[in-house]
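Try each task yourself, then follow the solution step by step.

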Amino acid sequence: MERVGIFGGTFGPPHMGHVRAAEAFLREMNPEGCENPLHLLVMPTATPPHKQKAEGDTAEARLRMCRAAFGHLADAEVSDYEISRGGISYTVLTLEHFTREDRELWLLCGSDMFLTLDRWYRAEDILRMARIAGISRGTEEFALLDRKRAEYEERTGRRVLLLKNEPFPLSSTEIRRRIAAGEDMDGLLPEGVEEIIRRERLYEIG
Ligand code: ATP
């Protein structure tokens, strides 16, 4: 059985919290010597043009920044599927696209997404099509995540994974705020991402 993971988000911009999350997930799924490594697709969402303008980036720049952020990971790849498709990026439609008989799909979610997953468009179908892996952002109690994990397991009859990572509490919103305020990035961004932001003067609004 082939294993494919999807890590979706706006990634405007991708930051070290995202990178650490992907690394922790791959470490858990692909231990040393693993014969059937999971392949992780990092999937930046399409966004409407008015939102891009408000946030100070473009879909194309988010794709390039993701490639710079996750390029060092052997079992990961940045997918332009949602951006190329355009429109609203519903996770369920992406899962339908990547579903195969002989493939196990995984969805990696930070804790905010993990806690609200059951309210997403066609949540039942999402929970049926993909195995869920939640990862703490360090912003909520682990016990709360664990209760949600138990709830999803009861609903789906399948194990739901909650990663035991060292949380890296950070958001793209905080990064955009720092850039607009001219503050230092202090290792919060992968080097290649910081270079693109600086060169293309992204997010310099506020
Ligand atoms: P914004 O501040 O613009 O809302 P964000 O930092 O929440 O952005 P997204 O692109 O919305 O980032 O997140 C993509 C995915 O990465 C989501 O599943 C989110 O929960 C997860 N994620 C974001 N930041 C972290 C973090 N620091 N640690 C673990 N997971 C994270």
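**Exercise 1: helix H1**

Work out how the length of H1 compares with the expected value, and how many of its residues are buried.

Step 1. H1 has 14 residues and stretches 20 Å from first C-alpha to last, close to the 20 Å expected at 1.5 Å a residue. The expected span is 1.5 Å times one less than the number of residues. Helices here are DSSP runs (H or I, at least four residues) and strands are too (E, at least two), numbered from the N terminus.

Step 2. A word on the source: this is a predicted model, where local features need pLDDT of at least 70, side-chain atom pairs count only at pLDDT 80 or more, and totals for chains, interfaces and linings use all residues. Residues are numbered from 1 along each chain as its sequence is written, and side-chain values use heavy atoms, leaving out hydrogens and water.

Step 3. Now for burial: buried means under 20% relative accessible area, exposed over 50%, partly exposed in between (1.4 Å probe, protein chains only). In H1, 11 of the 14 residues are buried, so the helix is largely enclosed by the rest of the structure. Among them are Met16, His18, Phe25 and Met29.

**Exercise 2: helix H8**

Find which residues of H8 are buried, and on which side they sit.

Step 1. Check the length: the 15 residues of H8 (residues 142-156) should span 21 Å at 1.5 Å a residue, and the end C-alpha atoms are 21 Å apart, which agrees.

Step 2. The buried residues of H8 are Leu145, Lys148, Arg149, Tyr152 and Glu153. They cover an arc of only 140° around the axis, so they're on the same side of H8. That arc is taken from the directions from the helix axis to the C-beta atoms.

**Exercise 3: the ligand**

Say how many residues surround the ligand, and which side chains have an N or O atom paired with a ligand oxygen.

Step 1. Look for polar contacts, meaning here pairs of N or O atoms within 3.5 Å. A ligand oxygen is 2.6 Å from a side-chain N or O atom of Asp112. For His15 the distance is 3.1 Å, and for Arg176 it is 3.1 Å.

Technical notes:
A residue is near a molecule or strand if one of its heavy atoms lies within 4 Å of it. A polar contact is a pair of N or O atoms within 3.5 Å; within protein, one must be able to donate a hydrogen and the other to accept it, and residues adjacent in sequence count only if both atoms are side-chain atoms.
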